[in-house]
Amino acid sequence: MTAARPADSRKFRAAREDQWRRLEEILNQAEKRSVRKLSDEDLLALPILYRGALSSLSVARETSLDHELVTYLEGLCARAYFFVYGVRTSARQRLAAFFRADLPAAVRGLWRETLVALTLTLIGALTGYLLVSGDSSWYGAFVPEQLAGGRGFGASAETLRDTLYHDQGGQGLGFFATFLFTHNSGVAIWAFALGFAFGVPTALLLIQTGAMMGAFVALFASRGLGEELGGWLIIHGSSEILAIVLAGAAGFRIGWSVVFPGERTRLASASLGGTKAALVMGGVVVMLLVAGLLEGFGRQLILIDWIRYAIGLSMLLLWCVYFYLPRRAANG
Amino acid sequence: MAEIVLRRGADAERKRSLVTPEGVDLSLSLADAGQRISAFAIDLMVMFGALIALILVLVGLLLLLLGLGTPAVEFLAIVGLLGFFLLRNFYFALMEMGPRAATFGKRALGLRVVARSGDRLTADRVIVRNMMREIEFYLPVSFLVYNSATGGEEVAWTLAGIVWTGVFLFFPLFNTDRLRVGDLLAGTWVISAPRRTLSADLFQRETRPAKPNEVEGEAGAGAAPAFVFTEAQLDVYGVYELQTLERVLREGRYDKIATVADAIRAKIDMAHDGGEDYLFLRAYYDASRARMERGLLFGKRREDKHDR
């Protein structure tokens, strides 16, 4: 067409295009399946091709005016960068490290917040107990109809005793337990997620959960069923309440890092607190799962009070040892 | 040329620099609000579809097991409820922990989640980011559903719910990085990194795109007329205009090509040769790109026509 053609940038592209395409192919494969499916040859070539593409990008930016070429290389390099510097540990290794070291360390790191959350829950429980023992009309304020499941001051001592040993009678106990599990996980997640609003909603949620428990105790104690209720609650409650308290503690950590960022910017502080707290939340979900199993099956099958107490208390001991027992630092 | 002018300012606003350990700036571009919303809508549909599939399978099993009575029904209800729980809490997190760091919706739009610091995207970041979704989206929705199901007795509560949703919904629009509250806490952001394929260099493409009423093969059969441009004519524009011209040529839309060709002819004071606009533009593009790239080698770069 015309005599003048940008021969240099065209040669530049022709000389390297094959390598870019090879890198693209390797990335396509790696992203589609897993790293392990790549052949040794490709794995060895990857870092070299990636750095080659980076150098092509810097050359192209300086010497080529082909906009499409530059955007293509930018995209290719970004994909390769995220892959080369991305997560390399397998999910199994990651999980093992999480349960062996990360989770207990994260929980220990939150001990102050955990104490605050525990205190708030206990205050809630005490308030609930005292208020409902004094005036039973408070009961409805603390325990939502949905969760009460017929356990109210209108019920006789006999019916109440029944609910402790054959909950829900014939109508779907397992379903009820699952419902409670999803409900309680919701409470835990909200206690965590609401923490960023300076922790205020988290505190309210913890107090409310405590108050509900206190109201329950007051109701059953007024019929002389306190001890039996203890067994009914503790078998799963030791895991569940601890989980909710820990979730609240994680929420407080976020709230705290937003309000008092220290030397960091508020944003950086919030994100640091958030990622620390998230580890704890991973553990909370597991604890809730355990609690759900104990609630759904353990409580249904085990009807003897002292065994219920034994299981509940040993679960509590187990969690405490797991989280708080000092241990040697992991190698490296 | 007005309608073809690219939104250069908007483009630059979305660029964020990320310098690799090798010292090259990748200049990532952030996903815009529209892409984020569409991706989320697709994800919701995926989850909804999965839930419906789960329910259908369960109903099918239910019909088979009907003879077994309540325990079977109860078991299915448990599986259903747990399935919903897992889907709601882990769909996003598990997908974003994968090598693509994106859910199906994000993949469809070429988005991915990235740590703002440029570090690895760790699992805890993904978990925080998605747990916040619980209060950003699920809480207000379940609240509104609950309220309307129970008759919505209090208007004030409904209003409060709508305000709450609004605060989180529009949060990304009020910060320059388009961060959700979850992104803010997790230290992540969502970038647009679509898979691009490298199309041929314009120089290598000898045929012009087909006209609307033309068979593809016939295009470009005619002999290319020779154009001669003076240096003054080639120096009219800068890099920005050249790349705009590149886009017009690649798009190959004849109405645009005609507009641009007329504009350039007027600018460089050249008479219409009676030939094809496309060929004229190609010749002008080739010549001025060659001249500008030569200039680049000597450290001369003109960003646009106003850059002297």
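Two residues are taken to be in contact if their C-beta atoms, placed from the backbone, lie within 7 Å. The structure is a predicted model, in which local features need pLDDT of at least 70 and side-chain atom pairs count only at pLDDT 80 or more, while totals for chains, interfaces and linings use all residues. Residues are numbered from 1 along each chain as its sequence is written, and chains are lettered from A and ligands numbered from 1 in the order in which they are written.

Helices (H or I, at least four residues) and strands (E, at least two) are DSSP runs, numbered from the N terminus. On this basis chain A has 13 helices and zero strands. A residue is called buried if 20 or more other C-beta atoms lie within 10 Å of its own, exposed if 12 or fewer, and partly exposed in between, with C-beta atoms placed from the backbone. Of the 332 residues of chain A, 41% count as buried. Among contacts in chain A between residues at least 6 apart in sequence, 78% join residues at least 24 apart.

One helix pair of chain A illustrates the packing. Axes are lines fitted to C-alpha atoms, for helices over the stretch in contact, and angles run from 0 to 180 degrees between N-to-C directions. Helix H11 (residues 226-259) of chain A packs against helix H13 (residues 305-324) of chain A at an angle of about 20°, and their axes are 8 Å apart. H11(A) and H13(A) are therefore roughly parallel to each other; angles under 35 degrees count as roughly parallel, over 145 as roughly antiparallel, 65 to 115 as roughly perpendicular and the rest as oblique. H11(A) passes H13(A) in a left-handed crossing, a term used if the near helix is turned anticlockwise from the far one by less than a right angle, with right-handed used if clockwise. The residues that make this contact include A:Trp232, A:Ile235 and A:Leu242 of H11(A) and A:Tyr309, A:Leu313 and A:Trp319 of H13(A). By class, the contact of H11(A) with H13(A) divides into 10 nonpolar, six polar and four charged residues. Here Ala, Val, Leu, Ile, Met, Phe, Trp, Tyr, Cys and Pro count as nonpolar, Asp, Glu, Lys and Arg as charged, and the others, Gly among them, as polar.

Chain A also meets chain B: 59 residues of chain A are in contact with 55 residues of chain B. On the side of chain A that touches chain B, helices H1 (7-32), H2 (40-63), H3 (67-84), H9 (173-193) and H12 (266-301) of chain A each supply at least two residues. The largest share of that side, 11 residues, comes from H3(A). The residues of the side of chain A that touches chain B comprise 29 nonpolar, 18 polar and 12 charged.

In chain B, four strands form an open sheet in the order S1-S2-S4-S3, with antiparallel pairing. Strands S1 (15-16) and S3 (111-115) of chain B stand at the edges, each with a single partner strand, so one side of each is left without a neighbour in the sheet. Two strands are said to pair if DSSP finds at least two bridges between them. Two bridges join S1(B) to the antiparallel strand S2 (residues 28-30) of chain B, and B:Lys15 stands opposite B:Ser29 in S2(B). In the loop between S1 and S2 of chain B lies B:Ser27, whose phi is near 35°, a positive value in a residue other than glycine. B:Ser27 counts as partly exposed because 17 C-beta neighbours lie inside 10 Å.

S3(B) is mostly covered, with five of its five residues buried. In a regular strand the side chains alternate between the two faces of the sheet. In S3(B), B:Leu111, B:Val113 and B:Ala115 point one way and B:Arg112 and B:Val114 the other way.

The loop between S4 and helix H8 (231-234) of chain B holds B:Phe229. Leaving aside its neighbours within four places in sequence, B:Phe229 is in contact with B:Leu234, B:Tyr284 and B:Ala287. B:Phe229 counts as partly exposed, with 19 C-beta neighbours inside 10 Å.
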